[in-house]
Amino acid sequence: MGSITLKQVTKSFDDVNVIKPLDLDIRDGEFIVFVGPSGCGKSTLLRMIAGLEDTTSGTIEIDGKEATSVPPAKRGLAMVFQSYALYPHMSVRNNIAFPLKQAKVAPAVIKEKIEKAATMLNLTDYLDRKPGQLSGGQRQRVAIGRAIVRQPSAFLFDEPLLNLDASLRVNMRLEISQLHKSLDTTMIYVTHDQVEAMTMADRIAVFNGGIIEQVGTPLELYRKPVNRFVAGFIGSPKMNFIDVAPKPGDATHSLGVRPEHFKITTEQGLWQGQVGVVEHLGSETFLHVHVDHIGTLTVKADGDCQAVYGDQINLTAEQAKIMHFDKQGMTIPALSWGGESAA
Amino acid sequence: MATTQSRTLAKIMLFPSVSLLLAWMIVPLCMTLYFSFLDYNLLMPGDNEFIGFLNYEFFLTDPAFVESFFNTLLLVGGVLLITLCGGVGLAILLDEAIWGRNYVRMMVLAPFFVMPTVSALVWKNMFMNPVNGLFAHFAQWLGVTPVDFFAELPLLSIIVIVSWQWLPFAALILLTAIQSLDREQLEAADLDGAGPFSKFFYIVLPHLSRAVTAVILIETIFLLSVFAEILVTTSGGPGYASTNITYLIYTQSLLQFDVGGGSAGGIVAVIIANIVAIFLMRLIGKNLEN
């Protein structure tokens with residue numbers, strides 16, 4: 001219970017096409033992440049699935065049933081908003097109870113469900129507080145609690161961790177992932193943070209300019225991006241792109257090398273450059289290397305890398321892991337990483 | 001304003017204006033208090049003897065006082081009821097994205113800029129007049145006997161006029177409050193299965209509680225002293241049917257030339273206003289906290 005199918009869905013505001021015709025199958029029980037830069041239409045699509053935005057054309061099916069014009073409450077979905085959207089004048093208990101009260105659930109059942117959700121989310125001690133008296137993480141959990149008690153067929157998350165500080169974000173990421181494992185319900189999660197996408201998703205849909213560039217598991221996207229955009233968006237730090245002069249018989253227009261696939265050599269390499277800023281993270285080191293005619297390359301090295309500002313170094317890359325892109329920015333699979341096994 | 005020096009400086013700088021304002025308030029209050037204990041009638045020049053609480057006794061035991069006291073409460077309560085209910089409704093309508101919204105908002109606000117005497121005259125002569133008024137024409141068109149509003153429903157007529165003046169104020173304050181409501185809360189309520197009524201009562205109305213409190217407190221202060229509308233339309237009549245405390249004090253001191261009695265009435269009005277204020281703050285003041 002919780003498969004969602006989008007068929008040729010579009011959305012336009014006046015003359016602007018925010019979502020271009022788009023197909024997507026969301027399987028029952030999966031954790032799918034919509035990721036993309038801001039303004040790419042990912043939040044709009046989520047709101048369309050929730051029923052908060054009208055669909056301009058195309059159909060949305062939930063559990064095989066046409067739901068394109070079904071009002072939000074009848075879709076059986078629950079949403080967690082970026083601002084949490086808790087009701088400020090109600091206690092935590094009443095916030096969580098609100099959807100159940102609206103559905104005219106018996107008070108005894110409501111009480112039981114609240115207790116259960118509160119235990120699950122560590123909110124038992126805070127049930128009588130108002131949202132204003134809670135920390136960001138606790139508010140987030142109340143918002144999730146309000147979603148859980150309705151037993152929706154799918155959860156929708158709209159950048160839920162945006163307003164939390166970095167360490168709390170890591171914790172909540174883990175908690176949401178665990179929640180998904182224990183509830184085994186479909187979750188659609190919107191974020192612009194590729195780290196959240198990579199760590200939480202079963203599958204990721206990469207959005208760009210109102211279309212889905214690629215859908216796949218995190219490792220598929222990392223290893224076999226279909227184009228330069230996906231290659232650059234997935235992975236941190238970003239992939240390096242190196243333009244090359246086209247050769248006859250070779251469509252390669254640019255190369256893509258992930259920072260972690262560079263090797264630093266003292267003798268000759270493919271590229272030679274001067275070390276710029278060095279970032280020591282302890283476990284690893286990021287070098288920003290200036291290479292003539294190419295620009296700055298980001299290189300990931302070991303934590304005990306000794307290079308300092310101004311050093312001349314040589315770089316090579318594992319040939320097998322270099323991506324090749326053609327003039328349109330599309331990956332040339334035969335020449336790129338994973339191409340051999342695919343061939 | 002952090003250091004001792006800047007705080008001291010601030011006190012010195014504030015002193016002249018604060019003392020001026022204080023004198024402005026204290027001197028008339030003390031004079032009124034002083035007059036209220038004197039036998040002071042402009043028609044009977046004399047010693048202006050000290051007569052103790054006789055003015056108060058006279059004022060408070062006057063049957064007109066009781067009637068005008070309840071008239072005052074009815075006037076304030078009625079106008080508050082109409083402006084708040086109408087104001088919430090107007091605010092919700094004005095919040096919708098309608099064509100020419102900015103002009104509509106300006107038009108709605110217009111009655112607030114019309115002087116009380118003018119608006120009362122307009123209502124009296126153009127709407128409520130039993131012969132020439134619009135309502136009378138409308139009644140005749142329906143074949144009903146026109147109502148002589150100021151003779152038959154004097155207090156209600158004044159409540160309607162004053163409400164018309166104060167509705168824009170309430171609507172404006174409530175509109176700004178509605179605009180600050182987080183849209184995601186309404187969307188969350190949509191997903192939670194709340195209908196329009198649930199959303200209004202559980203989300204919009206609680207959000208408006210602070211603004212409603214502010215409107216009640218501000219309007220009460222002004223509505224306790226409604227005067228021009230009564231003077232221009234009914235002159236407090238028929239009998240005392242549309243006389244409020246403010247108007248009663250006016251008749252006492254300026255129509256009967258009884259400065260002492262009028263002053264005693266003024267002091268009584270101040271006390272009543274304070275009782276109302278304390279009562280209101282106890283009742284709804286907690287909404288303004290945080």
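Trainee: What is A:Leu156 in contact with, leaving aside its neighbours within four places in sequence?

Mentor: The partners are A:Leu46, A:Ile49, A:Ala50, A:Leu77, A:Met79 and A:Ile188. Two residues are in contact if their C-beta atoms, placed from the backbone, lie within 7 Å. The model is predicted, so local features need pLDDT of at least 70 and side-chain atom pairs count only at pLDDT 80 or more, while totals for chains, interfaces and linings use all residues. Residues are numbered from 1 along each chain as its sequence is written, chains are lettered from A, and ligands are numbered from 1 in the order in which they are written.

Trainee: Which residues have the most contacts inside the largest nonpolar core?

Mentor: They are A:Leu156, A:Ile188 and B:Leu174, in a core of 134 residues. Such a core is a set of buried Ala, Val, Leu, Ile, Met, Phe, Trp, Tyr and Cys residues joined through C-beta atoms within 7 Å. Helix 8 (residues 154-179) of chain B gives the most to this core, 14 residues.

Trainee: Why is this core said to lie between domain 1 and domain 2 of chain A?

Mentor: Because domain 1 (4-228) and domain 2 (242-336) of chain A both give residues to the core. The bounds come from an automatic or database domain assignment. The centres of the two domains, taken over C-alpha atoms, are 38 Å apart. Four residues of domain 1 of chain A are in contact with five of domain 2 of chain A. The domain 1 side of that contact has two nonpolar, one polar and one charged residues. Ala, Val, Leu, Ile, Met, Phe, Trp, Tyr, Cys and Pro count as nonpolar, Asp, Glu, Lys and Arg as charged, and the others, Gly among them, as polar.

Trainee: What makes helix 4 of chain A mostly covered?

Mentor: Ten of its 13 residues are buried. A residue is buried if 20 or more other C-beta atoms lie within 10 Å of its own, exposed if 12 or fewer, and partly exposed in between, with C-beta atoms placed from the backbone. Among the buried residues of helix 4 of chain A are A:Arg139, A:Val142 and A:Ile148. The cover includes strand 6 (77-80), helix 2 (92-102), helix 3 (107-120), strand 7 (154-158) and helix 5 (166-183) of chain A. Helices (H or I, at least four residues) and strands (E, at least two) are DSSP runs, numbered from the N terminus.

Trainee: How do you know that the span of helix 4 of chain A agrees with its number of residues?

Mentor: The expected span is 1.5 Å times one less than the number of residues. For the 13 residues of helix 4 (residues 136-148) of chain A this should be 18 Å, and the end C-alpha atoms are 18 Å apart, so the two agree.

Trainee: Which helix supplies the largest share of the side of chain B that touches chain A?

Mentor: Helix 9 of chain B does, with six residues. In total, 14 residues of chain B are in contact with 16 of chain A. By class, the chain B side has six nonpolar, three polar and five charged residues.

Trainee: Where in chain A is confidence lowest, and where is it highest?

Mentor: pLDDT is the predictor's confidence in each residue, from 0 to 100. In chain A, helix 9 (residues 339-342) is lowest at a mean of 46, and strand 3 (residues 31-35) is highest at 93. Chain A averages 87, and chain B has a mean of 86. The model scores ipTM 0.77 and pTM 0.78.
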